[in-house]
Amino acid sequence: MTHNESLDRERVQQLMMAALDGEISTDEQRELDALIAAHPDVAHEWQRFQRLKEVTTGMSLRTPPEETWDRYWQGTYRRTERGIAWLLVSIGTIVLFSYWAWHAVLAFFEPGSDPLGIRLAIAALTIGLVILAVSVIREKIFTNRRDPYQKEVIR
Amino acid sequence: MDTVTPIGETDMVLVRQAQAGDAAAFGRLVERYMRRAYFAALSLVGSREDALDLSQEAFARAYRSRAAIDPERPFYAWLYQILRRLCFNFLRDRRTRARVLESAGAWLADDAARRAAPNPADAFEREERRRMVAAAIESLPAREREVLALKEFEGLSYKEIAALVGVPIGTVMSRLYSARQRLVQALEVER
C-alpha cells in the first residue's frame, strides 16, 4: 500500500473492525467491499482478520464453580469489615505511638537519664527510622501520582 | 450474565439504600454485578484466583466509598473504574505478571472450539490455534487486552466500551485493530 493510492489507512482499519464486529452500516460495507476488490493487500489483511475472528468467536471465559458465587458476597463483606478494622487499628497505633514517642523525647532530654553513648544510639536509630518512613511514604505518593493508568491517553 | 432485577430494585434505589447504611442493599448490587466484575477481571489478569480477589476488593472499595457514588449514573460503570485500576496496578507488578504468564490460557474455555470441529485432527488444530491466541492475548498491552476482552468476551458494543473505558469510539477501534494485528502475527509466527 503506498501513498500514491491515497488509501486512508485509518479508515480501512476502522471499516475492517466494524465489519468483523457487526457494527458496520450498509454504505460502509459497500465501501469496504470496494477497497477489498481494489487493493490486494487490504483483501489479504481482511482474510487474516476473518480467520482470527473464527478462532476468537469460539472462545469464552472459563466459568468458576457455582460455590464461588454462593460465597462471593460473604467474602466481599469480610473485606469491608477488615478494612474498617485496619483503619481503627491504624488510628489506635498512631495515637499510642505518638504518645509513647512524646514521652520518649521528654525522657531523652531529661538530664542524667542514660549514658551519652546510649542516648546517641537512640537518636541515630530514631533519625534513621524517620528517614526510612519519609522515603517510603514519598515513594508511595510519587508512584500514585505517576500512575500511567489514572488518565487515559486519547489518540 | 447479570441476575434478573426485581421490580423497583433498580441500581439507583439500591445505591441510595446502601448510602443510607443498608449493607444488604449493597449485597444485592454485588450479587447483580459479581459475575460481570469477575469475568472482566479474569480477562484482564488471566488468573481465576486473582480475578476473584481483585473483583471482591473492587466491591469492598466501592462499599467503603459508597457516599461518593452518584445514584443517577450506572453503578457498574463506576465500579468498573475501580476494578480496572486495581487490575492494571496488579499487572504492573512484575512479580505477579510473571506468575500470570505461566497460566497459558487456563482462564479460557475451549468447549465451543471442540464442538465446532468435525474430526479429532481438526479439533487438535483448533485447540492449538486457541492455545496460541490465548498466549498472545496474555502478552497484549493491558489497555488493548481490556478492549479486546470487552468486545470478544462481554460482547459489548463500541459505544458501551467507549463509555466504560472513557475513551472515544475511534480509540476503541484503533486499540482493537492493534490487538488483533498482534494476535494475527502471533498465529502466523507459530505456523
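Strand β1 of chain A and strand β1 (residues 108-109) of chain B pair in the antiparallel sense over 2 bridges; strands count as paired if DSSP finds at least two bridges between them. Within this pairing, A:L61 has B:L108 as its bridge partner. Helices (H or I, at least four residues) and strands (E, at least two) are DSSP runs, numbered from the N terminus.

The model is predicted, so local features need pLDDT of at least 70 and side-chain atom pairs pLDDT 80 or more, while totals for chains, interfaces and linings use all residues. Residues are numbered from 1 along each chain as its sequence is written, and chains are lettered from A and ligands numbered from 1 in the order in which they are written.

Between the chains, 29 residues of chain A are in contact with 43 residues of chain B, contact meaning that C-beta atoms, placed from the backbone, lie within 7 Å. On the chain A side, the elements giving two or more residues are α1 (9-20), α3 (40-57), β1 (60-61) and α4 (66-109). Of these, α4(A) gives the most, with 9 residues.

Chain B is assigned domain 1 (1-103) and domain 2 (108-191), with bounds from an automatic or database domain assignment. Their contact takes 10 residues from domain 1 and 8 residues from domain 2. On the domain 1 side, α4(B) gives the most, with 5 residues.

The classes are Ala, Val, Leu, Ile, Met, Phe, Trp, Tyr, Cys and Pro as nonpolar, Asp, Glu, Lys and Arg as charged, and the others, Gly among them, as polar.

| Domain 1 of chain B, touching domain 2 of chain B | 7 residues | 2 residues | 1 residue |

Terms used. Contact = placed C-beta atoms within 7 Å.
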